[in-house]
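This report describes one protein chain for a reader who has not seen it before. Please look over the sequence and the structure, then read on.

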Amino acid sequence: EGDRTHYLAGDRMVQYKKLDRAIEAANRQGFRLVVFGDGPERDRLAKISGPSVKLIGSVSQVQLAELIRHSRAFLFPGVEDFGILPVEVQAGGLPVIALAKGGALETVIANETGLLYEDDSVDGLIDAVLRFENETFDPETCRKNALRFSRERFEEEIAEAVSGVSLRK
């Protein structure tokens, strides 16, 4: 696949995404982190980024696919109801290291398509990254998991549900 030299994080740069936790973890541990996206938090995140962190701004789908190909894992320290990015990166064969809350509990299969961690702090994320370094994840398992959330599957299941509805009065 790629050379897998760095971790990846990013999205709209707003506070609840907690991208600062990913940056702080990389600063403390010295691992390479590429952060994509833009938003109101951009300047603050740039100020706290150490030498192992690279902020690259907004990316196209093609650029995101290339980043995924060269990343070790996607760091997802925020909490979202669903969160499409963990599904997108898994579709590209990339495991996710996510806080065990919100949508990540639905979209990431613990120890199969990534790691879920409980401690909502920089230390918790660092511990998860260190655990990740000792694990192996199968890109094909990640891809198959992402297919659970495909539009085709959604449309098929809705059609089945609707055709199964009785129209009796």
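## A helix crossing

In this predicted model, helices H1 and H6 cross in a right-handed sense. H1 covers residues 19-29 and H6 covers residues 122-132; their axes come within 9 Å and cross at roughly 65°.

On the H1 side, the contact is made by Arg21, Ala22, Glu24, Ala25, Arg28 and Gln29. On the H6 side, Val122, Asp123, Leu125, Ile126 and Leu130 take part. Sorted by type, the residues of this contact comprise six nonpolar, one polar and four charged.

## The chain as a whole

The protein chain has eight helices and six strands. Their order along the sequence is β-α-β-α-β-α-β-α-β-α-β-α-α-α. The radius of gyration is 17 Å, close to the 15 Å that the globule rule gives for 169 residues, so the chain is as compact as a globular protein of that length.

Along its principal axes, the C-alpha trace spans about 65 × 35 × 35 Å.

## The largest pocket

How much space lies in the largest pocket? The figure is about 220 Å³.

The lining of this pocket is formed by Arg4, Ser71, Arg72, Gly93, Leu94, Pro95, Phe132, Glu133, Glu135, Thr136, Phe137 and Pro139. By type, the lining divides into five nonpolar, three polar and four charged residues. Phe132, one of the lining residues, falls within the span of H6, residues 122-132.

Terms used: Residues are numbered from 1 along each chain as its sequence is written. This is a predicted model: local features need pLDDT of at least 70, side-chain atom pairs count only at pLDDT 80 or more; totals for chains, interfaces and linings use all residues. Side-chain values use heavy atoms; hydrogens and water are left out. Axes are lines fitted to C-alpha atoms, for helices over the stretch in contact, and angles run from 0 to 180 degrees between N-to-C directions. Helices (H or I, at least four residues) and strands (E, at least two) are DSSP runs, numbered from the N terminus. A crossing is left-handed if the near helix is turned anticlockwise from the far one by less than a right angle, and right-handed if clockwise. Contact means heavy atoms within 4.5 Å. Ala, Val, Leu, Ile, Met, Phe, Trp, Tyr, Cys and Pro count as nonpolar, Asp, Glu, Lys and Arg as charged, and the others, Gly among them, as polar. On a 1 Å grid over the protein atoms alone, a cavity is a set of points where a 1.4 Å probe fits but cannot get out, and a pocket is an open set with protein on both sides within 12 Å along at least five of seven lines; lining residues have an atom within 4 Å of a point. Grid points are joined across faces, edges and corners, and a volume is the space filled by probe spheres set on the points. The radius of gyration is taken over C-alpha atoms; the globule rule is 2.2 Å times the number of residues to the power 0.38.
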